Amino acid sequence: MSIAVPSLDTETVSPRRRLSSWALLRHDRIALIALIFLVSVALAAIFADQLVQSGLLIDPLKQNLLGRNKPPMFESKLGLHLLGTDQLGRDLLARLIFGARISLGVGVITIILSSIIGVTLGLIAGYRGGRVDDFIMRLVDIQMGFPQMLLALIIIYAAGPSVTNLILVLALTRWMAIARVTRATTLSLSQTLFVEAARSLGATHLRIVLFHILPNLTSTLLILVSLEFGRVMLSEAGLSFLGMGIQPPDASWGLMLAQGRSYIASAWWLVTFPGLAIALTTLSTNLLAGWARSVNDPVYRKRMAARITRH
Amino acid sequence: MNRRQSGHREETLAHYVLRRLIQSLFVLAGLTIVVFFVTRQIGDVARLMLPIDATEQQYLEMRQMLGINDPLIMQFGRYLLDLARGDFGISLWQNVPAMGLVLSRFPATALLAFSTLIFSLAIALPVGIGAALRPGSIFDRIATVISIFGLSVPTFWLALLLITVFSVQLGWFKTSGYGSAQYLILPMLAISAQSIGRLAQVVKTSMLDVLNAQYLVTARSKGLFESVILIRHGLRNALLPIVTIVGDEIIGLLNGSVVIEVIFGWPGIGKLTIDAIERRDFAVIQASVIFVALLVIVVNLIVDLIYAWLDPRIRYS
């Protein structure tokens with residue numbers, strides 16, 4: 001690779017400082033598209049009620065038995081069905097947007113919960129070491145040995161399928177990877193000079209962990225969490241698909257897929273669009289995770305910096 | 001990620017394996033307790049088995065006969081005594097030993113898991129190695145796209161799309177059932193997407209790590225053939241993380257293909273468990289969870305042994 005030095009005066013300033021993550025994002029077209037997609041899905045989900053009130057979106061609960069299973073671009077008395085209608089004549093696009101509330105909501109809350117569990121246990125294990133560390137890591141190993149999917153199914157079935165139970169079970173089965181990574185990073189960070197310095201200045205353990213170690217974990221965790229978000233979305237969709245997750249009349253993308261399954265031969269859109277929604281959302285978070293990883297890679301950053309400043 | 005990091009004290013392999021086995025006993029014990037008490041909360045099997053107009057008398061007799069009238073703790077004690085004799089109980093619905101039922105479904109699950117694994121490896125290994133050898137090339141980009149798409153597509157959605165295209169439209173494969181390759185190919189393809197995505201990524205990164213290692217520079221400076229360098233010095237060392245992820249894949253395939261088994265009517269353990277949950281067939285649920293947990297333990301043990309065989313440092317540490 002030829003080293004493109006843009007001009008002499010930038011040589012003294014490191015490119016890392018000159019280029020914010022945002023500048024790098026603007027030049028990575030795929031990551032930018034992924035971000036725009038996620039933000040627009042989230043916005044549509046948040047303002048779904050307003051969209052219905054303003055007449056831009058058809059009411060997702062309005063049934064029209066004369067217009068059942070109609071293909072995309074079908075026009076009924078309710079309005080234009082951009083993505084067609086479902087088995088009860090409800091607008092598919094509206095149901096997808098309202099389904100996004102639950103699918104994304106479950107994903108976000110689950111990830112927050114499992115991160116809290118994983119990061120807390122990982123920090124304690126990595127910082128304290130010794131018996132505490134042994135105990136927590138054994139716990140991780142033991143839970144990794146459980147047949148996760150079967151156990152999740154049984155517990156949800158016993159506790160009764162509901163959004164709360166779904167979130168709890170998913171959060172309790174997905175914290176281990178986060179705990180492992182947090183512990184490993186904390187372990188190496190707690191032997192660094194700056195932690196040593198903070199300690200000799202008399203900082204409390206809590207202060208060291210919260211202000212010196214945790215901030216250095218954020219980039220690693222951000223990558224892991226966006227990958228995990230994709231996995232949680234897929235698990236939720238899978239459980240809802242089996243009838244063990246979201247229950248009607250609520251709509252989640254996985255449930256919509258399950259409902260559309262019976263009409264697979266006659267109404268392809270019922271299966272195609274909810275699946276596409278799940279796939280594109282997961283794809284976007286995975287792409288952003290990949291982008292976050294490369295941004296944290298100094299070699300990549302330098303190369304991008306050189307490319308951007310050359311323009 | 002590294003499975004060796006969990007044991008951070010220096011220890012011999014035998015010691016390590018022994019510790020893992022003892023730990024596995026705890027896993028099994030914990031699972032047995034959790035699954036026993038959770039399954040009892042699922043619902044009342046007696047009501048489900050009787051016709052809707054059964055009298056209260058019949059209902060109580062039924063409960064007595066099924067042995068679910070006693071306090072839970074007594075039922076649990078009886079269950080443990082039976083377990084100690086290798087008896088996993090009787091399927092309430094089919095009146096055959098529960099473990100026998102699980103074992104009879106194992107070949108189907110194993111067939112699906114291993115054909116998926118072999119198919120995924122056949123694609124992920126060349127793609128991952130190729131991408132690592134030529135970073136930044138078109139090949140590398142294709143590999144990235146394949147793995148990121150594979151990881152993002154919901155398995156059951158892919159399954160439904162495959163059914164629509166290849167069974168409904170083209171009529172090439174069967175939509176559901178078990179038997180010849182005509183039944184196997186679609187479920188295998190559907191599950192492979194995720195596996196290929198994960199495997200290709202790990203193969204690529206572990207190959208990249210190895211290719212930048214000092215000992216390859218040494219091997220090159222000795223004037224060895226490039227192919228010898230790659231296979232004897234490169235691949236062997238890259239295999240360590242790959243073995244770990246393959247083990248994880250097998251475990252995932254053995255207990256994660258529930259949805260696919262349901263969609264394709266594949267008579268494996270996942271389908272059996274789902275059916276058992278719906279019928280509150282306690283013994284079968286317990287037997288299948290314990291069986292899958294045992295499989296997980298065995299696979300992990302094999303992975304550990306392969307690990308030690310590949311990396312002498314572990315054996316003699």
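This is a predicted model: local features need pLDDT of at least 70, side-chain atom pairs count only at pLDDT 80 or more; totals for chains, interfaces and linings use all residues.
1. Overall make-up of chain B. Chain B contains 14 helices and 0 strands. Read along the sequence, the pattern is accordingly written as α-α-α-α-α-α-α-α-α-α-α-α-α-α. The C-alpha trace of chain B spans about 85 × 55 × 25 Å along its principal axes.

2. Helices α6 and α8 of chain B. Helix α6(B), residues 138-152, packs against helix α8(B), residues 181-211, at an angle of about 135°, and their axes lie 7 Å apart. That angle makes α6(B) oblique to α8(B), since angles that fall between 115 and 145 degrees are counted neither as roughly perpendicular nor as roughly antiparallel. The crossing of α6(B) past α8(B) is left-handed. On the α6(B) side, the contact is formed by D140(B), T144(B), I146(B), S147(B), G150(B) and L151(B). On the α8(B) side, the residues are A193(B), Q194(B), I196(B), G197(B), R198(B), A200(B), Q201(B) and K204(B). Sorted by class, this contact holds 5 nonpolar, 6 polar and 3 charged residues.

3. Helices α5 and α6 of chain B. Helix α5(B), residues 98-133, also packs against α6(B): their axes come within 8 Å and cross at roughly 135°. That makes α5(B) oblique to α6(B), and α5(B) passes α6(B) in a left-handed crossing. The contributors from α5(B) are P126(B), V127(B), G130(B) and A131(B), and those from α6(B) are F139(B), D140(B) and A143(B). By class, the contact comprises 5 nonpolar, 1 polar and 1 charged residues. D140(B) takes part here and is also listed in the contact of α6(B) with α8(B).

4. Helices α5 and α12 of chain B. Helix α12(B), residues 269-279, packs against α5(B) at an angle of about 135°, with the axes 8 Å apart. The two helices are therefore oblique to each other. In α5(B), the residues L101(B), V102(B), R105(B), F106(B) and T109(B) meet I269(B), G270(B), K271(B) and L272(B) of α12(B). The class count for this contact is 5 nonpolar, 2 polar and 2 charged residues.

5. Interface between chain A and chain B. Together the two chains bury about 3,800 Å², of which 75% is on carbon and sulfur atoms. L150(A), I154(A) and Y157(A) supply 16% of the area that chain A buries against chain B, more than any other three residues. The contact draws 38 residues from chain A and 42 residues from chain B. The number of salt bridges counted between chain A and chain B is 0.

6. Salt bridges. Side chains of opposite charge can pair when their charged atoms come close. Over all chains, the count comes to 7 salt bridges. One of the pairs joins E228(A) and R174(A), whose closest N and O atoms are 3.0 Å apart. This pair links distant parts of the chain, the two residues being 54 residues apart. E228(A) lies in helix α11 of chain A, residues 205-241. R174(A) lies in the loop between α8 (163-173) and α9 (176-189) of chain A.

Terms used:
Residues are numbered from 1 along each chain as its sequence is written. Chains are lettered from A and ligands numbered from 1 in the order in which they are written. Side-chain values use heavy atoms; hydrogens and water are left out. Axes are lines fitted to C-alpha atoms, for helices over the stretch in contact, and angles run from 0 to 180 degrees between N-to-C directions. Helices (H or I, at least four residues) and strands (E, at least two) are DSSP runs, numbered from the N terminus. Angles under 35 degrees count as roughly parallel, over 145 as roughly antiparallel, 65 to 115 as roughly perpendicular and the rest as oblique. A crossing is left-handed if the near helix is turned anticlockwise from the far one by less than a right angle, and right-handed if clockwise. Contact means heavy atoms within 4.5 Å. Ala, Val, Leu, Ile, Met, Phe, Trp, Tyr, Cys and Pro count as nonpolar, Asp, Glu, Lys and Arg as charged, and the others, Gly among them, as polar. Buried area is the accessible area (1.4 Å probe) that two parts lose on being put together, summed over both. A salt bridge is a side-chain nitrogen of Lys or Arg within 4 Å of a carboxyl oxygen of Asp or Glu.
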